[in-house]
Amino acid sequence: MTSRIENHPILGEPEKGQLVSFTFDGRELEGYEGEPIAMALKAAGVMVHRYTSKKHEPRGIFCAIGRCTDCVMIVNGVPNTRTCITPLEAGMTVQTQYGVSAEPFDSVPGVVNAVSPVGATGESTTASESAQPTTASANTQPAAAGQEA
Ligand code: FES
């Protein structure tokens with residue numbers, strides 16, 4: 001079973017680049033070159049992209065067209081990268097963003113799960129596999145649209 005849309009009734013079959021590896025919070029994942037980073041993360045079961053700076057609340061994909069800031073992450077060391085519109089490249093380093101940092105907040109309950117939401121074994125997960133989040137906190141949907149909390 002895959003968590004990707006293989007054939008959309010309106011958009012048809014999505015074009016796929018080569019299968020490439022990248023890292024997410026130090027874990028090796030795979031996705032298709034050229035697809036949005038957020039798409040590769042979603043296919044791997046990653047729901048939380050960042051935590052807000054004030055209330056440390058989780059955010060993830062919301063608009064998916066580059067208009068909000070809910071999907072921003074640290075990509076190749078650059079914070080505030082909109083992962084829904086940034087194409088995946090081989091060898092990219094993608095990190096969860098805490099405020100504007102890659103350093104987890106001390107006060108975020110369940111933040112350990114958010115750092116490793118794909119699984120607890122440390123195995124590589126391919127984008128074509130259906131890796132479901134393993135914890136409730138990792139599966140947390142972003143709260144309000146584009147709001148900084
Ligand atoms: S989800 Fe990426 S900018 Fe809104």
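**A friendly note on this predicted model**

1. Let's start at one residue. Leaving aside neighbours within four places in sequence, V100 is in contact with P79 and N80; two residues are in contact if their C-beta atoms, placed from the backbone, lie within 7 Å. V100 sits in the loop between β8 and α2 (111-115). The C-alpha atoms of V100 and V78 are separated by 9.5 Å, although the two residues are 22 residues apart along the chain. Is V100 buried or exposed? V100 counts as exposed, because it has 11 C-beta neighbours inside 10 Å. For these words, a residue is buried if 20 or more other C-beta atoms lie within 10 Å of its own, exposed if 12 or fewer, and partly exposed in between, with C-beta atoms placed from the backbone.

2. A word on what you are looking at. This is a predicted model, in which local features need pLDDT of at least 70 and side-chain atom pairs count only at pLDDT 80 or more, while totals for chains, interfaces and linings use all residues. Residues are numbered from 1 along each chain as its sequence is written.

3. How confident is the predictor? Its confidence in each residue is the pLDDT, from 0 to 100. The mean pLDDT of the protein is 79, and 70% of its residues reach 70 or more. Over residues 112-146 the pLDDT is below 50, and this stretch has 75 contacts in the model beyond near neighbours in sequence. Please keep that stretch in mind as you look around.

4. Now the overall inventory. The protein has two helices and eight strands. Here helices (H or I, at least four residues) and strands (E, at least two) are DSSP runs, numbered from the N terminus. Reading from the N terminus, the order is β-β-α-β-β-β-β-β-β-α. Of the 149 residues in the protein, 34% are buried. Among contacts between residues at least 6 apart in sequence, 55% join residues at least 24 apart.

5. Next, the sheet of five strands. This open sheet has the order β2-β1-β7-β5-β6, with mixed pairing. β2 and β6 stand at the edges, each with a single partner strand, so one side of each is left without a neighbour in the sheet. From one strand to the next, the twist averages 40°; such angles run from 0 to 180 degrees between N-to-C directions, with axes as lines fitted to C-alpha atoms, for helices over the stretch in contact. Two strands pair if DSSP finds at least two bridges between them. As background, strands of a sheet pair through backbone hydrogen bonds, either parallel or antiparallel.

6. Follow one hairpin of this sheet. β1 and β2 pair in the antiparallel sense over six bridges, and L19 has Y32 in β2 as its bridge partner. Two residues lie between the strands of this hairpin. One of the residues in the loop between β1 and β2 is D25, which has a positive phi of about 50° although it is not a glycine. That is worth a second look, because most residues other than glycine have a negative phi. With 19 other C-beta atoms within 10 Å, D25 is partly exposed.

7. Strand β5 (residues 72-75) and strand β6 (residues 78-82) pair in the antiparallel sense over three bridges. M73 stands opposite T81 in β6, and the bridge partner of V72 is R82. Which residue in the turn has a positive phi? N76 does, at about 50°, in a hairpin with two residues between its strands. N76 counts as partly exposed, because it has 13 C-beta neighbours inside 10 Å.

8. There is also an open sheet of three strands, with the order β4-β3-β8 and mixed pairing. At its edges stand β4 (58-59) and β8 (97-98), each with a single partner strand, so one side of each is left without a neighbour in the sheet. Strand β3 (residues 50-51) and β8 run parallel, joined by two bridges, and Y51 stands opposite Y98 in β8.

9. Finally, look inside. A nonpolar core is a set of buried Ala, Val, Leu, Ile, Met, Phe, Trp, Tyr and Cys residues joined through C-beta atoms within 7 Å. The largest one has 23 residues, and those with the most contacts inside it are I37, A38, A40, L41 and V94. β1 (19-24), β2 (27-32), α1 (37-43) and β5 each supply at least two residues of this core, and α1 gives the most, with six residues. Not counting residues up to four places away in sequence, V94 touches F22, T23, F24, I37, M73 and V75.

Technical notes. pLDDT = per-residue confidence, 0-100.
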